[in-house]
Amino acid sequence: MSADVFAKKRRNSLLLLLIVGVATIVSIIITEYNMAKGFTSVPKAVQWALSNFYPTKDSLAKLPDILVKLKETLLISIAATTVAAVLAFIFAVLGSNTTKVNRFFGSISRGIAIIFRNIDVSVWSMVLLFSFGQSSFTGYFALFFGSFGFLTRAFIETIDEVSGSSVEALQATGANYLTVISQSVIPSTIPQMISWVLFMIETNIRNATLVGLLTGSGIGFTFNLYYKSLNYDIASLVVITIIISILCIEFISNYVRRVIL
Amino acid sequence: MQAEGPIKTFSLQTDKFLDNQLRERLSKKPFSKSSIAIRTCGLLLIFLTIYAFISFDYKDVNFIDALLLTLDNLGKMFFEPHLKHFSFSHALFQVLVTLGLAFLTTIFGAIIALLLGLLAAENISSKPLSVVIKGTVALIRAVPTVLWVLIFAVAAGLGSVAAVIGMTFHSISYLVKAYSESFEELDKGAIEALQASGANWWQIVFQAVIPSSITYMVSWTFLRFEINFAVAVAMGAAAGAGGIGFDMFMASGFYFDLREIGAITYFILIVAICLEIFATRIKKKLKVLS
C-alpha cells in the first residue's frame, strides 16, 4: 500500500517535470531565445557596465535636472496611489462578501476591479497617450487605473479576513450600514490597508519608469533620452537616483509596517 | 502542540507571561505608537497628494475635453475592436510568444532563486552569507525591470535574449525574497532532529526544508508567472522583446489605430484573467492539502 503511494507520487512528479521541460523547450523555440547567447551575454553585460555604466564628474552637472524629474515621478506615483486607494476602498466595501449591499453590486464592483487589474499599466499609458498627450495626466491615470484594480482585490481580501466577526456583532446590535463601516470595518482594516498602499507606492515608482519610457514624461523619459543618445554615464546616474529613492521608500514602509501591524 | 518528554511545571513562567500580556494590554492607550504612525502616514499621503496636484505639469491640457476624448476612445477600443494589420492567428501566436517569454523567465528565475534562497535562509545557511545575498537581491529589485532589459540590450542587442535575461534578474530577486522567507518559517526542531541523526546539508534541504515549504513556493512562483506575463507585454512595447506587446506598440505608436489596440487588449485581458483564475484555484487546492 505505502509502496504504491510512493510510486504514484514519483510518477506524478516525473510527469510534472516532463511537462515543465517540454513547455520550456517550446518556449525557447517560439521566442527564438538563444541559450548560448543568453549565458555569454551576462558576463559581457557586466564587463560593459564596469567600463561604461557609471557616473562621471561631468554627468553630476545634470543631477539637478534629474532630481526635478524624479520628484515629479515620485509625486505622481503617490498621488495616483492615494486617490486610487480611496476609490478602491469604496469598491472593496461593495464587493466584499461581509459588507456588500446586495449580490448585484457585489459582482459588478468585483468585475470592474478584475478588468482594471488585468490591463497592464503599459497598455493604459499607450491608450491615454491619445487623449492626454505628454502631460503628467497620462502617467497619473495609467498608474491610477492599475493601482485601483490591484488595491480593490487586496482590500476585499483584507475586509473578508479581518472584520467578519465584528461586522456581525455590530449588525446584531442594530447599527446601520454606515455605522458598521465607520466603526468596525475601517478601524479593523486600516493598518493592513496602509501597508498595501505603501506597497503599491513602491510598485508604482517602478512602473512610473516604464510609463515614462512609453509616453515621454518623467524619469523614464530622462533615462531614455540619455540612453538613446549613448550618454551612458548620465543614464547610470538616473538609475542610481531611482535605486536610492526606491530603497528609501522600502525602508520607510518597512518601518511603518513594523510599527502598525 | 505536541507533548514530548516528562511533564514540567510551568506555572511560575506562565504566570509571568500572562502578567506581562495583561500589562501590555492595559498600557495600550488610544494614542499608541501604531495609531500615531497610521495618522502621520495618512496625513503625509494626503498632503503629498495635494502638493502633487498643485505641482503637476499640466501642459495646457483641457481636462474635461481630454477626459471625454478618453471615454470616447475607450468606447472605440472595447466596442468596435478589429484586426487590420495582422490576422487572428498571428495575434494568437504572438500571445503564445509573450506567454513563452513569461514562462522562460519564471522557470530560470525559480531554479536560480531556489539555490540562492536556500543560501539566503538564515536557519540553514550562515548569517553573513544570508545578509550579503539579501542585500544584493534588494538592490537588484530596486531597479525597474525595463531598465535591466535595456541595460542587457546593450550587450546582447534588443530582442528576446536581453528581455529574458533582464526579466529573469528581477524574477530571481523577487523569488529569493519569497522563498527564503518561507524557508525561515520552518520549525527549528525539524532541522536539529535531522542534524542529530547525521543527515548532511542536502538531505536536510530535500527531506525537511523543501517539503515543508513547497506549497508556498508553488503559489509564489505562479504569482510571479502572472506578473511576468504583464511584464512581458510591457517589454514587448518598451524594449522590442517581441510578442503581443510589440504589436500593441505598433498599433499605438505607428498606426494610431485604437480599434486594433482594443482587439489586442482583449487578447491580453483574456489570458490574464485565465491565469488569475488558475492561480486562485491552485492556492485553494494547496490550502486544502496543507
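Q: If helices (H or I, at least four residues) and strands (E, at least two) are DSSP runs, numbered from the N terminus, how much of residues 142–169 of chain B is helix, and how much is strand?
A: That span of chain B is 82% helix and 0% strand, and its end C-alpha atoms are 11 Å apart. This is a predicted model, in which local features need pLDDT of at least 70 and side-chain atom pairs count only at pLDDT 80 or more, whereas totals for chains, interfaces and linings use all residues. Residues are numbered from 1 along each chain as its sequence is written, while chains are lettered from A and ligands numbered from 1 in the order in which they are written.

Q: And what does UniProt call residues 142–169 of chain B?
A: An unreviewed UniProt entry lists them under "transmembrane region", together with residues 36–54, 91–121, 204–223, 230–255 and 261–279 of chain B. UniProt positions are given in the numbering used here, feature names are shortened, and annotations may be inferred rather than shown by experiment. Of those spans, residues 230–255 of chain B are 77% helix and 0% strand, with end C-alpha atoms 23 Å apart.

Q: Which residues get that label in chain A?
A: For chain A, the unreviewed entry gives residues 12–30, 74–94, 208–228 and 234–256 as "transmembrane region". Residues 74–94 of chain A are 100% helix and 0% strand, and their end C-alpha atoms lie 30 Å apart. Residues 208–228 of chain A are 90% helix and 0% strand, with 19 Å between the end C-alpha atoms.

Q: Where does the annotated domain sit in chain A, and where in chain B?
A: According to the unreviewed UniProt entry, "domain: ABC transmembrane type-1" covers residues 70–253 of chain A, and the annotation of that name in chain B covers residues 95–279. The chain A span is 88% helix and 0% strand, with its end C-alpha atoms 19 Å apart; the chain B span is 86% helix and 0% strand, and its end C-alpha atoms lie 19 Å apart.

Q: Switching topic, what is the mean pLDDT of chain B?
A: The mean for chain B is 83, and 88% of its residues reach 70 or more, where pLDDT is the predictor's confidence in each residue, from 0 to 100.

Q: How many residues of chain A are in contact with chain B?
A: There are 63 residues of chain A in contact with 62 residues of chain B. By class, the side of chain A that touches chain B has 42 nonpolar, 15 polar and 6 charged residues, where Ala, Val, Leu, Ile, Met, Phe, Trp, Tyr, Cys and Pro count as nonpolar, Asp, Glu, Lys and Arg as charged, and the others, Gly among them, as polar.

Q: At what angle do helix 3 of chain A and helix 2 of chain B cross?
A: The axes of helix 3 (residues 63–95) of chain A and helix 2 (residues 33–55) of chain B come within 8 Å and cross at roughly 120 degrees. Axes are lines fitted to C-alpha atoms, for helices over the stretch in contact, and angles run from 0 to 180 degrees between N-to-C directions. The two helices are therefore oblique to each other, since angles under 35 degrees count as roughly parallel, over 145 as roughly antiparallel, 65 to 115 as roughly perpendicular and the rest as oblique.

Q: Which residues of helix 3 of chain A and helix 2 of chain B meet?
A: Among them are Leu75(A), Ile76(A) and Thr82(A) on the chain A helix, and Leu45(B), Tyr51(B) and Phe53(B) on the chain B helix.

Q: Within chain B, how do helix 7 and helix 9 cross?
A: Helix 7 (residues 160–184) and helix 9 (residues 201–239) of chain B have axes that come within 9 Å and cross at roughly 155 degrees, and these helices are therefore roughly antiparallel to each other. Their contact has 15 nonpolar, 5 polar and 1 charged residues.

How values were computed:
Contact = placed C-beta atoms within 7 Å.
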